[in-house]
Amino acid sequence: MHSGLTISQADPRPMYLQIKEQIRHRVALGDWPAGREIPSIRQLAIELRVSVITVKRAYLELEREGVIVTQHGKGSCVADGLDLSLDLQERELEEHLAAAVRIARLLGLSDEELAARLRQIEREKVKKKA
Amino acid sequence: MSTQAIALNGVSKAFKFFKLDALSLELAQGQIMGLVGPNGAGKSTTIRILMGMIPADAGDVRVLGHSIPSEQALAKRDIGFVSDDMRLFPNATLDWHMQFVASIYPSWDVNYATTLLKRFNLQPAQLVKGLSHGEHTKALLLLVLARRPRLLVLDEPTTGLDPVARHEVLAELMDVLQDDNRSILFSSHNTLDVERISDQITFIDRGHVVESRDKETFLERWRRLQIQVGTRNNLPQVPSVVDVSTSGQLATVTTNHYTPELHRVFERAGAVVHEVQRMTLEEIFVANVMSSRRERMQ
């Protein structure tokens, strides 16, 4: 089974995180539905040409977060649970907002200014649609 | 049977101008280890010792459960060794070399050899002297890979390869690991390759092991922090900090044992942590070697 995942060495995120986020994304979109079998650690390592330990780390964290379930000797599959994709998107939003706050701090923007920027982006989107 | 593919314990070897000093490292079966070090660090000496090509002055060497050098003939049945100074016979064809190796090693896999010829884009009828540097390297690798050895020992396998050839070689190395009894030790200057495919990484410098551990731990522990120290420059002394460089009110702090707790330590001292950066293996390698050299000078 070809996973379609990719690794970029120009990406500042570590490789295990790239793997983790791409799997989370596929699950969130529903492309990888609950119960779907996912590649074994070794298979994915060979496919992506990254070390086994890197894929293992990504899988361990996904398991801890309840995204995948690993059964010994049977491999891993996407966990059951309907709210999963919503939950994942929620978390993704959380991460983006945290990053925005961090950059705003560096730029010396106040919370009000950051909120104003957010509203402005929203307004521009609405205008484009109209 | 031993689960260690390689176990070196306290291995020393003195030459007139270079000394390998009580070197120890272990590679578990099924794993890839990258051996990284500057020129003259002792990478090739280490590899020659574990291949039984030169005897150690002291220490214990075991490869695939066999004691080296006394049982090296047994061990070598299952080892594939390639170094960048090996040369095939210039006036023989690649096919002749394949027949030759097949006649020595019963494990030679004819089908796999044919597959490798295609994947590496090599012509069996070609004379070795007509091969480019990259083709010669790929031919050497083909001759060991098709034996399906349990351990691959590769001294600079990707040096001098163009990006396409490097990609082909790395893909083949990863393929080896489909069988989880097989292991790889490779030395390289190319930290990008090492960072990508290694499970274990060993840094060596000036005949010493600077650090040897699993790659994820390496990448997780080393961070660079951008810190605003203010005008009073009162950075607290922290043992895990290996380097500090200050410019104006900003300091760049490199640590080899990052934890979020570190933020509080700096913040209690009145500094502001602006950014925490991960480091590439190359950056970690350079910082690690420099700090270990400073320590040894003291």
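This is a predicted model: local features need pLDDT of at least 70, side-chain atom pairs count only at pLDDT 80 or more; totals for chains, interfaces and linings use all residues.

Mentor: Residues are numbered from 1 along each chain as its sequence is written, with chains lettered from A and ligands numbered from 1 in the order in which they are written.

Trainee: How many helices and strands are there in chain B?

Mentor: Helices (H or I, at least four residues) and strands (E, at least two) are DSSP runs, numbered from the N terminus. Chain B has 10 helices and 14 strands, and its C-alpha atoms fill a box of roughly 75 × 40 × 35 Å along the principal axes.

Trainee: In what order do the 6 strands of the open sheet lie?

Mentor: Two strands pair if DSSP finds at least two bridges between them. In chain B the order is β6-β7-β8-β3-β9-β10, with mixed pairing. Strands β6(B) and β7(B) (residues 151–155) run parallel and are joined by 5 bridges; B:F81, for instance, has B:V153 in β7(B) as its bridge partner.

Trainee: Which strands does α1(B) lie across?

Mentor: Two residues are in contact if their C-beta atoms, placed from the backbone, lie within 7 Å. Angles run from 0 to 180 degrees between N-to-C directions, and axes are lines fitted to C-alpha atoms, for helices over the stretch in contact. Helix α1(B) lies across β3 (32–36), β7, β8 (183–188) and β9 (200–205) of chain B, at about 145 degrees to β7(B). Helix α5 (residues 133–145) of chain B also packs on the sheet, touching β6 and β7 of chain B, and its direction makes about 170 degrees with that of β6(B).

Trainee: Why is helix α1 of chain B largely enclosed?

Mentor: A residue is buried if 20 or more other C-beta atoms lie within 10 Å of its own, exposed if 12 or fewer, and partly exposed in between. In α1 (residues 43–50) of chain B, 6 of the 8 residues are buried, so the rest of the structure largely encloses this helix. Among them are B:I47, B:I49 and B:L50. After α1(B) comes B:G52, with a positive phi near 75 degrees.

Trainee: How many residues does each chain bring to the contact?

Mentor: Chain A brings 14 residues and chain B 19. On the side of chain A, α3(A) gives the most, with 4 residues.
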